[in-house]
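Here's a quick tour for anyone meeting this structure for the first time. Have a look at it, then read on.

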Amino acid sequence: MSAPTRRQVAGYLGALAALGAGAAWAGAALAGPERQLVIGGGPAGAAAALALKRATPHAAVLLVERDPKGLARAGASAFDRPGGGPALGALRRAGVEVILDEAVGVHWADQRLALFSGRALAFDRLFLAPGTAARPEAIPGLDPVARHLWPAAWGSAREARRLGAQLAALPDRPHVILRLAHGLSPRHAVLDRAHHLARLLDRTRPGARLTVLDAGTAADLADRFQRRRAGDHGPTPVDWRIAGHGGTVHRVDVRRGWVETDAGPLLADAVNFIETQGAGTIARAAGLVDASGWCPTDPHGRSLTRAQAVILGDARKDAARTVAGALRSGLAAAETGLNA
Ligand SMILES: Cc1cc2nc3c(=O)[nH]c(=O)nc-3n(C[C@H](O)[C@H](O)[C@H](O)COP(=O)(O)OP(=O)(O)OC[C@H]3O[C@@H](n4cnc5c(N)ncnc54)[C@H](O)[C@@H]3O)c2cc1C
């Protein structure tokens, strides 16, 4: 599918902004249709909303998505996650209501979802598909400024654009650092990131160096990378260090471009700093995550901490964290929700 034009995206935005939740979503459940609320319009949430509407045509299905471009399914940049799942047009044609807003909290006792805009939506069933978000690591110097200037670009289109702009503005013979948190997934996306950075430097910056600081202790990823890299014959040397061998970050000073590792300090012209991931922040705010930072569920996605919630896609503790896995969980949502 070709990427939508700017005009089409503007049209989607207008349509999204114009859509508002009707009165049915404001009050307590009366005799009206059942209200099924889905948070997140990624592959899992959008597939779930469509499946729910098809399975229960008389129910009201409302999807809340905070990113105006997300449902346009625009083509992803090299530093962005891939899109996928039904787009806004398909959802609207099926009768799914869509609103552009951010879910910020859930009041479980009276079954209401609080939105960033200040509105509250009542629901009978709640499906959460918020994807992943960084879990801030306690590394001295890694403050909000550092996170802004050293963007992770791991699932955030805005950060992906910022990282792309920084790499385009690198000086000659730059040193670039890619920092990988422990346990990042999908693994092939981690390899792709390192590979893409190396190839970009090959093409655009003669004399560049890339250092990968891998917080994991296993060498398998480094080995896989070096095998793939050998086929490039690229001029950029890539130094992949694992934890205990230079891959652990102890402290940073973003203003100086300085990273202290377990093998000594490094200076960098650009840093792509990817922190540990967990379920999207609304899942945390709603009390749905355990100590791992992910949402524990039964095999059908029903939350083990809140019986009223069904978790979809990447936010689940045992998720495959691929587009195909997210779509599968979304499609299964209708069945799970109806049997809840
Ligand atoms: C860099 C990267 C590369 C990847 N590459 C691949 C790949 O090549 N192949 C593959 O199969 N998978 C890949 N993946 C994984 C794949 O992107 C995910 O598995 C998939 O997108 C998960 O779908 P999801 O619907 O669960 O979450 P997401 O796609 O993350 O969607 C979540 C949605 O919820 C919205 N949202 C979150 N919180 C709120 C809130 N509070 N209120 C309203 N909306 C909210 C977000 O804006 C987002 O649109 C990659 C992931 C990353 C990070």
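Which residue in β14 does T261 stand opposite? T261 faces G264 there. Before going further, bear in mind that this is a predicted model, where local features need pLDDT of at least 70, side-chain atom pairs count only at pLDDT 80 or more, and totals for chains, interfaces and linings use all residues. Numbering starts from 1 along each chain as its sequence is written.

**The chain overall**
- You'll find nine helices and 17 strands in the protein chain; these are DSSP runs numbered from the N terminus, with helices being H or I of at least four residues and strands being E of at least two.
- Of the 340 residues in the protein chain, 43% are buried, meaning that 20 or more other C-beta atoms, placed from the backbone, lie within 10 Å of a residue's own.
- Take the contacts between residues at least 6 apart in sequence: 69% of them join residues at least 24 apart. A contact here is two C-beta atoms, placed from the backbone, within 7 Å.

**The hairpin**
- Strands β13 (residues 258-261) and β14 (residues 264-267) run antiparallel and are joined by four bridges; strands count as paired if DSSP finds at least two bridges between them.
- The hairpin gets from β13 to β14 through two residues.

**The four-stranded sheet**
- This open sheet has the order β11-β10-β9-β15, and its pairing is parallel.
- β11 (238-242) and β15 (270-273) sit at the edges with a single partner strand each, so one side of each has no neighbour in the sheet.
- From one strand to the next, the twist averages 15°, an angle on a scale from 0 to 180 degrees between N-to-C directions, using axes fitted to C-alpha atoms (for helices, over the stretch in contact).
- Four bridges pair β9 (residues 175-180) with β15, and I177 stands opposite V271 in β15.
- Helix α6 (residues 187-204) packs on the sheet and touches β9, β10 (209-214), β11 and β15. The direction of α6 makes about 175° with that of β9.

**Around the ligand**
- The ligand is surrounded by 32 residues, and the closest are G40, G42, A44, G131 and G313; to qualify, a residue needs its C-beta atom, placed from the backbone, within 6 Å.
- α2 (43-55), β2 (60-65) and α9 (323-339) are the elements that give two or more residues to this shell.
- Domain 1 (6-133 + 278-339) and domain 2 (144-275) each supply at least three residues of the shell, with domain bounds coming from an automatic or database domain assignment.

Definitions and conventions
Buried ≥ 20, exposed ≤ 12 C-beta atoms within 10 Å, placed from the backbone.
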